[in-house]
Each structure stands twice: as structure tokens, then as C-alpha cells.
Amino acid sequence: MRRHTIEPRPGWQQTVEAQGLIYPLTRYPDDSLRPYWDESAYYSFTLPEVEALEEVVEELHGMCLAAAAHLVDQNRFADLGIDDPRLAELIAESWRRRAELPSLYGRFDLHYDGSGPAKMLEYNADTPTSLVEAASPQWFWMEERFPGADQWNSLHERLVAAWKRQAPLLPPGAPLHFAHSAGDELGEDLMTVAYLEETAQQAGLETVAISMEDIGWDRLSGRFVDQRLRFMRACFKLYPWEWLATDDFGPYVLDTLDNGGGTGSTLWIEPAWKMLLSNKALLAILWELYPGHPNLLPAYLDGPRELAHTRGYVAKPLLGREGAGVTLHEPGAEPALRAPDDPCCYQELAPLPDFDGNRVVLGAWVVEDEAAGLGIRESAGPVTDEYARFLPHVIR
């Protein structure tokens, strides 16, 4: 794994915008605009490195599924901060019917610098973003800049194939709706959903785009409807389950949840059982089930334990995105425990690898149960946040 500097292509911004990346710039607190898509540098990997990482990702994914089964079998929903018995039972039912409600995709964030085993930082299993840039613009960048190279990137083909396999599981005779929140100012959620809708269309599915705010509730029939008052039998939503279940319409979501048995009215993708994997408590459950595993970092729910005096620790809210609420604690500092109403996971501090002053994290994608691609983000600081940059990569 190496970082290389390179001259950006002339007109790079217009190029990636035309390829669906309509948010190539990030606005900083000083009101300046700087590249989010950053092709002034790229990373290279050897084929054996990528093959080893693929094996790690698929092993981690299997371990996460085993952890989900453990959470359901042992009724440990309280560890996830889920105290609603009805919601817990619906998640458990969704898990038991997972053959009828398969996962589409997810993204592991990995600590890796090419010199040691990759370490799992977290699993973005419900609403992962950075898919568009990983699937399309970086592939076209490679074809233009390094036509003889390869890339860890089979995302597009695998997504189309996944939709084809899942098509028989969808409610017959109804379009598949694709929803995102209209409050998405940057357009990232919009384009992620639009891209996934495109892959579904290429798989032969009939689709309808809608914003979450435009989903209606028909009181007479007791069903969700779109702007044309069509019943919404199936919907892919880039909208976290913890929001969906607790919004004002949350009770209706639970009342009409189709868990694969055909008795409800709306099948949501990703399925409700992905709440078991999108929660940072998963990190502690994994360490409990697989202590000492070379691809895991020690993690606990009741406090940092020995981490406060050895390697230091990171406190991560159980639910959150883009580094919000994450705090870093060096070894020897007095443990700072979160309040009971602000539960978190305490994970061993593993400073992100530093490449020429850039802190890097690997985003390794799975589609269904198979490793499918890689996206790389860099930050100036120790936490990968909303100011991170996306860099392409090649296999050489």
C-alpha cells in the first residue's frame, strides 16, 4: 500500500460531476471550497494485498452475522439501546426471516497501512454512503489515467446481480420505491439512492423515486402511499432505521412492517435486522465472542477497562455517522464515562495510519455476503469526519 501524488486531470470537476458525483467540493468553516474528490494523489496496492483484504472482509462479515444471531438468541437488545419490546421482537422476526429479507450492501471501515493485519473500526451496515464515488468515478479515473491497471471494484456488477437475485423476493406487481431525505443539502444521499435505483433498473426492476417527506399515510387503508397514492409495497430507504422507527409515523412503520411473511404492507430495504449490525455496540459483542482476533480491536460497553491505562481508547456513540460525538482519550487519562442516557462503545485507540500527514481509512464494501470494492478517505485530523476527502486507488 503506497500513496502517490499526481497531477489532476484538466476539468476533473466537470468530469466527475457528469459521472454522478455532484458533490466534488466540501465547504469548510472558513467558507472556502476544497476538493472532496481528490485526485491530486492516489493509492496503489499489490494483488496479494487486495486478496488478503477481501478474505478479511468476508470473515468479518461472517463474524458480524454470528454476532447478530447471538444478540437475538440471547435477547440482548438492551445492549443496543433498544428498550421497546415490540421493536425488539420485530427485529428478531426480521432476523429469523433473513433468507427472505437479505442484506443488499454494507461498508466496513478498516485501519490498515500495508504492514500489519487490518483492524475493524466499525461496520456501516444500514445507510452507508460514499458508494457513488467508489463504484463509478474512481473506475473511470483509473481507465483514463492507468488503462493497464486494475482496481478492487466490482460494485456495479455485483449490485445489479444482487437485485436480480432479490427480485423474486419482492412483492409481485408493485414497483420498488427509492427514498432519501429532502433535507440532504449536499446531494450525497440523493445521488447514492439514484445510483442504486439505476442498478435496480439495469436488473429489470420497475422503480419509483420519492423523498421520505413525500411518503404519505392512507388512513382508510392503513398503508403508506406515494405522491400518486399508490400503495408502497417495497421501498429502499437511505434513512436510518433508528429514525424510521421513532419518527411521528414510526408506529405505522411497525404496524405495517413486512418481515418477509407477506402479512404486512411495506417491505423496507435494508431490512430491520440490519439494526443489529449498524450499532457500535456490535464492536463490543464481537470482542466478547472473538477475544484476541487479529482483525478486531478490544471494545467494551461498560467502560474502557484496561484501555484507559494501556493503549488509550475511543468513545463512540452507539448510533452516529461521520465521526459525530466521537472522542479520543490517550492512555493514562482519567476515564471519562458517558452518562447512561448517552450510551457508547469504548474501543481501543488505534491512530489512523499517517501517509505524508494524511490520516487514511479504508472503506471496504460487501454486496450481499461478498467483498465487492474499496473506497479510501483521508482526513487532516485523527477522526474521519465530514471534511474527509475521497481518493482513488489502483492495483499494480
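Modeller: Phe45 stands opposite Ile395, a residue of S21. This is a predicted model, so local features need pLDDT of at least 70 and side-chain atom pairs count only at pLDDT 80 or more, while totals for chains, interfaces and linings use all residues. Residues are numbered from 1 along each chain as its sequence is written, and side-chain values use heavy atoms, with hydrogens and water left out.

Strand S4 (residues 41–45) and S21 run parallel, joined by three bridges. Strands here are DSSP runs of E with at least two residues, and helices are runs of H or I with at least four, numbered from the N terminus; two strands pair if DSSP finds at least two bridges between them. The open sheet has three strands in the order S1-S4-S21, with mixed pairing. S1 (2–5) and S21 (393–395) are its edge strands, each with a single partner, so one side of each has no neighbour in the sheet. On average, neighbouring strands of this sheet are turned by 30° against each other, direction ignored; the axes are lines fitted to C-alpha atoms, with angles running from 0 to 180 degrees between N-to-C directions.

Another open sheet holds four strands, S13-S16-S14-S15, paired antiparallel. Here S13 (299–300) and S15 (327–329) are at the edges with one partner strand each, so each has a side without a neighbour in the sheet. Five bridges pair S14 (residues 313–317) with S16 (residues 344–348) in the antiparallel sense, and Lys316 stands opposite Cys345 in S16.

The chain is divided into domain 1 (2–277 + 354–395) and domain 2 (298–348), with bounds from an automatic or database domain assignment. One salt bridge is counted between the two domains, meaning a side-chain nitrogen of Lys or Arg within 4 Å of a carboxyl oxygen of Asp or Glu. The side chains of Lys316 and Glu122 meet in a salt bridge at 3.6 Å, N to O. Strand S6 (119–124) and helix H7 (188–202) each supply at least two residues of the side of domain 1 that touches domain 2; S6 gives the largest share, three residues.

About 980 Å² is buried between the domains, 51% of it from carbon and sulfur atoms; this is the accessible area (1.4 Å probe) lost on putting the two parts together, summed over both. Asp79, Glu242 and Val383 supply 33% of what domain 1 buries against domain 2, more than any other three residues.
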